[in-house]
Amino acid sequence: MSNERSVINFTRGVPANESLPVTAMQSAVQAALDNHGQTMLQYGKAYGFVPLREWLAESNGLSVDQVLITNGSLQIVEFLSYHFIQPGDVIFTELPTYDRALTLLKRHNAKVVGIELEPDGPNIEALEQALAQHTPKFFYIIPDFQNPTGATCSLEKRQKIAALAEKHGFWILEDGPYRPLRFQGEEHPSFFDLAPERTLHMFAFTKLIGPGVRTGVLLGSAEVLAKVAKIAENTYICPALFGQGAVYEFCRTGELDKQIERIKTLYAPRLQACLDSIAEHLPDVEATRPEGGFFMSLTFPEGVTNAAVREAAKKYNLNLADGQAFFPNGGGERFLRLPYCALSPEEINDGVSRLAMAIRDVQAS
Ligand SMILES: Cc1ncc(COP(=O)(O)O)c(C=O)c1O
């Protein structure tokens with residue numbers, strides 16, 4: 001039961017504790033130790049645990065040298081930044097985009113150019129205008145249930161972006177951790193399906209199984225992956241094979257598919273609760289309407305800033321995240337990301353009604 005005094009966090013995109021498959025993982029860990037104990041406890045290849053790479057290669061119709069596994073997927077952004085970026089090189093991202101990826105790109109002194117994101121994906125005119133000025137080393141894009149907006153790129157825009165990548169010769173770095181979490185509507189082909197020669201596709205088991213397995217995956221060009229593997233080796237010798245062994249058994253035995261169905265059943269009503277409570281408590285606030293994933297976002301009316309609402313929300317024991325962190329070069333003053341997966345529908349409704357009170361306080365002040 002939530003009440004006015006309990007704290008509600010609309011801050012981070014964490015999986016719900018009750019989604020974490022502890023019992024199924026116990027069996028997976030036991031089976032992994034039985035079948036691969038020495039391999040999992042020993043140093044191995046920088047590319048990651050071979051049986052899991054083979055399983056992923058087969059599931060995706062790739063050769064094994066097109067699969068590299070890391071300690072969580074953010075590590076992939078770091079390694080690719082290290083590989084591709086010289087100080088001042090241009091990288092395109094959606095605007096807004098995942099804040100932690102931005103932190104890494106900036107740490108490598110990339111010049112980050114944000115391409116305005118619309119409900120159906122990046123604004124193609126803005127992309128063409130940016131391409132008239134720069135050819136990026138890569139376009140970092142989260143096409144399915146984007147972090148932070150929940151937006152999904154339409155098929156038409158995917159085709160246009162893939163054609164532009166071909167024409168201008170830049171990589172698409174497709175980040176797809178939420179792609180399997182579609183609650184409604186039709187799935188579109190990935191960029192990796194549409195333009196495999198120009199796409200590096202990354203995803204993770206983080207949001208499907210749990211962040212604790214720290215298992216991120218990069219699929220694509222064997223040549224680029226060989227470079228990344230060298231960087232990985234020089235960073236940590238090999239990634240954590242223990243978690244990868246457990247993930248392998250979890251996948252191989254069909255538990256992953258069951259888990260995805262379970263979490264979709266858990267999360268879909270949470271998204272619906274978020275949409276319903278916004279319609280009820282915040283009818284005048286501009287909101288995205290995702291069809292899956294972990295996030296939706298709001299844009300407050302003119303004159304109402306995230307900073308002011310965040311401050312006002314404290315009185316109601318409601319924690320909100322800074323909206324500006326998702327914008328590479330300023331902006332986002334009225335932006336709020338709402339991660340809904342780790343809250344019950346009751347908490348979501350309670351949280352949104354507190355948010356409405358905080359916004360009213362700001363408007364009244
Ligand atoms: C788009 C996106 N990419 C990468 C990550 C990081 O995932 P991991 O924990 O696997 O490093 C997240 C986590 O929120 C994310 O939203």
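Modeller: The buried residues of α9 pack against α1 (22-41), α2 (50-60), β2 (67-71), β9 (215-219) and α10. Contact here requires C-beta atoms, placed from the backbone, within 7 Å. Helices (H or I, at least four residues) and strands (E, at least two) are DSSP runs, numbered from the N terminus. This is a predicted model, in which local features need pLDDT of at least 70 and side-chain atom pairs count only at pLDDT 80 or more, while totals for chains, interfaces and linings use all residues. Residues are numbered from 1 along each chain as its sequence is written.

Colleague: Which residues of α9 are buried?

Modeller: Leu241, Gly243, Gln244, Gly245, Ala246, Val247, Tyr248, Glu249, Phe250 and Cys251 are buried in α9. A residue is buried if 20 or more other C-beta atoms lie within 10 Å of its own, exposed if 12 or fewer, and partly exposed in between. Since 10 of the 12 residues of α9 are buried, the helix is largely enclosed by the rest of the structure.

Colleague: What span should α9 have, at 1.5 Å a residue?

Modeller: The 12 residues of α9 (residues 241-252) should span 16 Å, and the end C-alpha atoms are 16 Å apart, which agrees. The expected span is 1.5 Å times one less than the number of residues. After α9 comes Gly254, with a positive phi near 85°.

Colleague: Changing topic, what domains does the assignment give?

Modeller: Domain 1 (8-20 + 257-364) and domain 2 (22-255); such bounds come from an automatic or database domain assignment. Their C-alpha centres lie 25 Å apart. The contact takes 29 residues from domain 1 and 30 residues from domain 2.

Colleague: Which elements give two or more residues to the side of domain 1 that touches domain 2?

Modeller: Those elements are α10, β11 and β13. The largest share of that side, 9 residues, comes from α10.

Colleague: And the largest nonpolar core, how many residues has it?

Modeller: The largest nonpolar core has 111 residues, and Ile172 and Leu173 have the most contacts inside it. Helix α10 (residues 255-281) gives the most to this core, with 7 residues. At least three residues of the core come from each of domain 1 and domain 2. By definition, a nonpolar core is a set of buried Ala, Val, Leu, Ile, Met, Phe, Trp, Tyr and Cys residues joined through C-beta atoms within 7 Å.

Colleague: What does Ile172 touch?

Modeller: Not counting residues up to four places away in sequence, Ile172 touches Phe138, Phe139, Ile141, Ile161, Ala165, Phe191, Ala195, Arg198 and Thr199.

Colleague: Back to β11 and β13. What order does their sheet have?

Modeller: The order is β10-β11-β13, in an open sheet of 3 strands with antiparallel pairing. β10 (286-287) and β13 stand at the edges, each with a single partner strand, so one side of each is left without a neighbour in the sheet. Strands count as paired if DSSP finds at least two bridges between them. Strand β11 (residues 295-299) is joined to β13 by 5 bridges, and β10 pairs with β11 over 2 bridges. Thr299 has Phe335 as its bridge partner in β13, and Glu286 stands opposite Thr299 in β11.

Colleague: Is β13 buried or exposed?

Modeller: 5 of the 5 residues of β13 (residues 335-339) are buried, so the strand is largely enclosed by the rest of the structure. Phe335, Arg337 and Pro339 point one way, whereas Leu336 and Leu338 point the other way. In a regular strand the side chains alternate between the two faces of the sheet.

Colleague: Now the backbone. Which peptide bonds are cis?

Modeller: Among them are the bond from Leu95 to Pro96, with omega near 5°, and the bond from Asn147 to Pro148, with omega near 20°. Pro96 lies in the loop between β3 (90-95) and α4 (99-107), and Pro148 in the loop between β6 (138-141) and α6 (155-168).

Colleague: What is the phi of Arg214, and that of Asn317?

Modeller: Arg214 has a positive phi near 40°, and Asn317 has a positive phi near 55°. With 21 C-beta neighbours inside 10 Å, Arg214 counts as buried. Asn317, with 17 such neighbours, counts as partly exposed.

Definitions and conventions: Contact = placed C-beta atoms within 7 Å.
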